[in-house]
Amino acid sequence: MGIFDFFKEKLSQSKNPIDKIQREFIEKSINTAERLISSFNEEVGFKLDYSESSLIILDKKILNLFYENKDNMGSDMKEDIIAQAGSYIFEVARRNYGGKYYWDDKMKQPILVTGHSDREVSMVAFEKVKQRIENGNEDNIPLFFKDFSKQVKKEEKVMLDLKNEIIA
């Protein structure tokens with residue numbers, strides 16, 4: 001996603017996930033998520049507050065609107081809403097479960113890894129938002145996050161794919 005191009009190289013090279021690059025990425029992610037919040041909280045009266053329950057509003061009210069209008073969106077608009085909604089989902093996860101951002105070269109987007117060395121769970125939010133806009137409710141965000149949350153609470157190291165299946 002274009003909005004995170006600056007961080008691709010830096011996150012890939014970052015040796016210490018709590019270093020300056022990590023803080024910069026967190027700040028950029030928060031700023032991007034805040035754009036979504038200010039647009040929809042002020043203009044439409046939604047309550048996006050970084051709670052897990054606010055993901056229902058994100059999914060049913062906001063992303064469903066973009067799904068219904070996906071054929072009328074330009075690629076820049078689509079990329080922007082993917083970055084905003086993906087950043088919001090990342091921040092809900094990070095604020096509730098902690099975690100560090102990394103760059104996934106294969107998927108060409110950031111991932112959030114939470115847990116510790118013997119119990120890590122990774123999340124890919126941008127691709128999930130893209131699928132939600134393209135496929136509709138079959139790529140439900142609250143269900144995706146619920147499965148992520150369950151895995152975080154388990155005692156094993158996992159990575160979920162976009163269908164909420166464990167792949168590693």
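Modeller: Start with helix 5, where eight of the 11 residues are buried, so the helix is largely enclosed by the rest of the structure. Buried means under 20% relative accessible area, exposed over 50%, and partly exposed in between (1.4 Å probe, protein chains only). The buried residues are Ala 125, Phe 126, Glu 127, Lys 128, Val 129, Gln 131, Arg 132 and Ile 133.

Biologist: What kind of model is this, and how are residues numbered?

Modeller: The model is predicted: local features need pLDDT of at least 70, side-chain atom pairs count only at pLDDT 80 or more, and totals for chains, interfaces and linings use all residues. Residues are numbered from 1 along each chain as its sequence is written, and side-chain values use heavy atoms, with hydrogens and water left out.

Biologist: What makes a stretch a helix or a strand here, and how many of each does the protein chain have?

Modeller: Both are DSSP runs, numbered from the N terminus: helices are H or I with at least four residues, strands are E with at least two. The protein chain has six helices and four strands. Along the sequence they follow the pattern α-α-α-α-β-β-β-α-α-β. Of the 168 residues, 47% count as buried.

Biologist: How do you describe the packing of helix 3 and helix 5?

Modeller: Two packed helices are described by the angle between their axes and the distance between the axes. Helix 3 (residues 54-68) and helix 5 (residues 125-135) pack at about 65°, with axes 7 Å apart. Axes are lines fitted to C-alpha atoms, for helices over the stretch in contact; angles run from 0 to 180 degrees between N-to-C directions.

Biologist: Is the crossing of helix 3 and helix 5 left-handed or right-handed?

Modeller: The crossing is right-handed. The near helix is turned clockwise from the far one for that label; left-handed is anticlockwise by less than a right angle.

Biologist: Which residues make the contact between helix 3 and helix 5?

Modeller: Helix 3 gives Asp 59, Leu 63, Asn 64, Phe 66 and Tyr 67, and helix 5 gives Val 129, Arg 132, Ile 133, Glu 134 and Asn 135. Contact means heavy atoms within 4.5 Å. By class, there are five nonpolar, two polar and three charged residues. Ala, Val, Leu, Ile, Met, Phe, Trp, Tyr, Cys and Pro count as nonpolar; Asp, Glu, Lys and Arg as charged; the others, Gly among them, as polar.

Biologist: How do you know that the length of helix 3 agrees with its residue count?

Modeller: The expected span is 1.5 Å times one less than the number of residues. With 15 residues, helix 3 should span 21 Å; its end C-alpha atoms are 20 Å apart, which agrees.

Biologist: Where does helix 3 bend?

Modeller: Helix 3 bends by about 30° at Ile 62. The bend at a residue is the angle between axes fitted to the seven residues ending there and the seven starting there. Ile 62 is also one of the buried residues of helix 3.

Biologist: Why is Asn 140 called buried?

Modeller: Its relative accessibility is 15%, so Asn 140 counts as buried. Asn 140 lies in the loop between helix 5 and helix 6 (141-153). Leaving aside neighbours within four places in sequence, Asn 140 is in contact with Asp 59, Lys 60, Lys 128 and Arg 132. The C-alpha atoms of Asn 140 and Asp 59 are separated by 6.8 Å, though the two are 81 residues apart along the chain.

Biologist: Why is Gly 98 called partly exposed?

Modeller: Gly 98 has 25% relative accessibility, so it counts as partly exposed. Gly 98 is found in the loop between helix 4 and strand 1.

Biologist: Tyr 50 and Lys 108 next. Are they buried or exposed?

Modeller: Tyr 50 has a relative accessible area of 9%, so Tyr 50 is buried. Lys 108, at 56% relative accessibility, counts as exposed. Neither is a glycine, yet Tyr 50 has a positive phi of about 70° and Lys 108 one of about 55°. Tyr 50 sits in the loop between helix 2 (20-44) and helix 3. Lys 108 lies in the loop between strand 1 (100-104) and strand 2 (109-116).
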